[in-house]
Amino acid sequence: YAIDRFSRTGIGGANISHQLSKMGIFLISVTQGVDSSTPHGKFQQDIFFSYSNYENENRRERTMIGLSERLRQGYWPFCLPKGYINLNRGTRSNLHEIVPDKDGKILRYAWKWKVEELMPNKDIVTKLKAMGIKWINEKRLSDIFRNPFYCGKIVNTLLEGEIVDGRHESVVSPEDFLK
């Protein structure tokens, strides 16, 4: 249909096209009228590849800026950690209502047992499984204990080290999380 439907990688797509042409295979765009079997057509095609790549990079940059802004506002636009549910799925992140689900409410006990009883993770996993959290294991529990999302904080590489108060319900207090 169009050159950018073949590749949007710029020089990568052009290289593939040039390799194909060495084998007698030429790309034909039905909407752009480019004849890649001629020097003029190859040049035009390379311009299309480069422009498509430029568009992709601009779109990526705008998306990253938008995502980092949402994060700084306390919204979580990504997949949720285990134990959470979005009650407003299919909406923009600023309309999400992120709350602990059934498992998230049970996970609250994990911190209580860890902080108040100094219970080992192995024993906590056993108790959580008995309460219905079938997906839990020691590694996942360790990951959960280290994820600030559970205490209402947002940390992400797009925030460049900044810690943001999230607009979601926490499972554990920041104080108990740090303990």
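Helices H2 and H3 are roughly antiparallel to each other, a label for angles over 145 degrees. The axes of H2 (residues 11-22) and H3 (residues 39-72) come within 9 Å and cross at roughly 150°. Axes here are lines fitted to C-alpha atoms over the stretch in contact, with angles from 0 to 180 degrees between N-to-C directions. Helices are DSSP runs (H or I, at least four residues) and strands likewise (E, at least two), numbered from the N terminus.

This is a predicted model: local features need pLDDT of at least 70 and side-chain atom pairs 80 or more, while totals for chains, interfaces and linings use all residues. Residues are numbered from 1 along each chain, and side-chain values use heavy atoms, without hydrogens or water.

Which residues of H2 and H3 make the contact? On H2 they are Gly13, Ala14, Ser17, His18 and Ser21, and on H3 Lys42, Gln45, Asp46 and Phe49, where contact means heavy atoms within 4.5 Å.

Now the rings. The whole structure has nine aromatic pairs, meaning Phe, Tyr or Trp rings (for Trp the six-membered one) with centres within 6.5 Å; planes under 30 degrees apart are stacked, over 60 edge-to-face, the rest tilted. Tyrosine 84 and phenylalanine 149 pair edge-to-face, 4.9 Å centre to centre with 85° between the planes. Tyrosine 84 sits in strand S1 and phenylalanine 149 in the loop between helix H6 and strand S3, so the pair ties together parts 65 residues apart in sequence. Both tyrosine 84 and phenylalanine 149 are buried, that is, under 20% relative accessible area with a 1.4 Å probe, protein chains only.

Key
Buried < 20%, exposed > 50% of the residue type's maximum accessible area, 1.4 Å probe, protein only. Parallel < 35°, antiparallel > 145°, perpendicular 65-115°, else oblique.
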